[in-house]
Amino acid sequence: MAQVEPELTVAEAAGPGSRAEPGAVGDAAIVIPAGPAAEGEAARLHGELQVRGSKRVPRSPINEGRFGRMFRRLPPMAPLSNDALLALSEQMREPTAPSSWGGTPENLDNPPISAGYTYLGQFIDHDITFDPTSTLQRENDPDALVDFRSPRFDLDSIYGSGPVDEPFQYRRGLGGMRMLVGQNGNGDPDLPRNAEGTALIGDPRNDENTIVSQLQLFFLHLHDKFAAEVEVDAAIPAEDRFFETQRRVRWHYQWVVAHDYVRRTVGEETFERICDVDDAGRITDIKRPHYNPKTSPYMPVEFSAAAFRFGHTQVRGIYNLSAAVTDRPIFSPGSLQNEFQDLRGFRPLPPQWTVEWPLFFPIDGSTPQPSRLIDAKLALGLFDLPDGGGSLAFRNLKRGQVLGLPSGQDVAKALKLKPLSGAELGAPEPTPLWFYILKESELGAGAHLGPTGGRIVAEVLLGLLELDPRSWFSLDPAWTPTIPDADGDGRIGMPDLIKFGTS
């Protein structure tokens, strides 16, 4: 593996009090900013905590582990200096328009993908990178080479290890069927929390901002909605009712991931290249020549550290949560001065901050806030992360380099695509894979991922579905969702699931 230039100026970019965590063997450290919860894992921002196994992927001696490589034969990209990475990250700032919260021009909006899909993507990421192992297991197998839980769309972030092992997530009575839901001091529904305000949920990352926290809460309600159906079905034995409820929730979620989220994100051309779909709209075959695990499903670093980080560019600088709570920044600069100032999480829901989902998904004819274009621009709040977190753009570029990712040009060639030059991308050549994928999308208008990023995302997400022995695709390929097509468009998607779960 190519050597990476020693870390010199990254700590300054990350903020005072930063610390270094070891990278892969022979590589430089990744700097992790310090914050109030620097020694704990619960209050880490999205992408900050390294999931066990992600640092040792380069040359695993066995074809098994939590992380691996889609393109094992491609060499790591020649490293760029920290100054070059900083310069590249700085050109990724969104242009500003007059606004107290750093709003941006409307021509950066992407109406075909509404704002809710940004946080559905974050929720999906947490689901497939869930790391539930004990401290003892982490010490015995820090590189996650064996005995790990495979990445699946199984909603471990909701269920944890179930009502027997984690009863604190479930309501007493009703046979442990219902999920525990809390309230804030105003009586608004919130995640269940302990006396210190820490969310009692399967994955603490789903409390890192208000929107993903409310999405977690929605899935708790969705489980209870299906549970109510199952409880009155006399054909289902009492001992099977919880598992039948889980199955219904999981399969509807998996359907939305495959048929709505992936399709919308990668675009019709790439989706149809990867999938065969029958007249009923069901995926019948998935072609994934580059994501082809030899043993168990794994998480490719080209996906986790580059392609699936496209969602960072979809983040708006400000959001309206409801008709009453408007113009709230995702992160305001510096440390939190006022609990009602921005949407950071790891705290009880502020009064009257319940999300109105028609502002995030097209429900009942609503016109939701759009996401931002998938381009090489990030909202200003992501360049000054809370508690000295520094620039997310720089962090992503640096992490890709430390992990020894191949260049965007090399990956495009491996996919038999014509690579874009550095001149076309406005970037150094060879080009970091994450930036390449974003700029490729931008040059194609930014409504969805381009061919390189789209192929990686589609093959991995649909491949995980196909390789899951408990998915609807594996167990019952003829299955279709049982919830109503609320918007009448002939497809069941996230808006329909939201409408069903909140009705």
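A cavity here is a set of points, on a 1 Å grid over the protein atoms alone, where a 1.4 Å probe fits but cannot get out. This is a predicted model, where local features need pLDDT of at least 70 and side-chain atom pairs pLDDT 80 or more, while totals for chains, interfaces and linings use all residues. Residues are numbered from 1 along each chain, and side-chain values use heavy atoms, without hydrogens or water.

Now select Leu397, Gly400, Gln401, Pro432 and Leu433, the closest to the centre of the second largest cavity among its 16 lining residues (those with an atom within 4 Å of a point). The space there is about 130 Å³. Colour helix H10 (392–402) and helix H13 (433–443), which each supply at least two lining residues; H10 gives the most, with 4.

Next, show helix H6 (residues 210–231) and helix H16 (residues 494–502), whose axes come within 8 Å and cross at roughly 65 degrees. Axes are lines fitted to C-alpha atoms over the stretch in contact, with angles from 0 to 180 degrees between N-to-C directions. Helices are DSSP runs (H or I, at least four residues). Side chains to display include Phe218, Phe219 and Leu222 of H6 and Leu497, Ile498 and Phe500 of H16, all part of the contact (heavy atoms within 4.5 Å).

Finish at helix H3 (residues 116–128) and helix H7 (residues 241–266), with axes that come within 12 Å and cross at roughly 125 degrees.

Notes:
On a 1 Å grid over the protein atoms alone, a cavity is a set of points where a 1.4 Å probe fits but cannot get out, and a pocket is an open set with protein on both sides within 12 Å along at least five of seven lines; lining residues have an atom within 4 Å of a point. Grid points are joined across faces, edges and corners, and a volume is the space filled by probe spheres set on the points.
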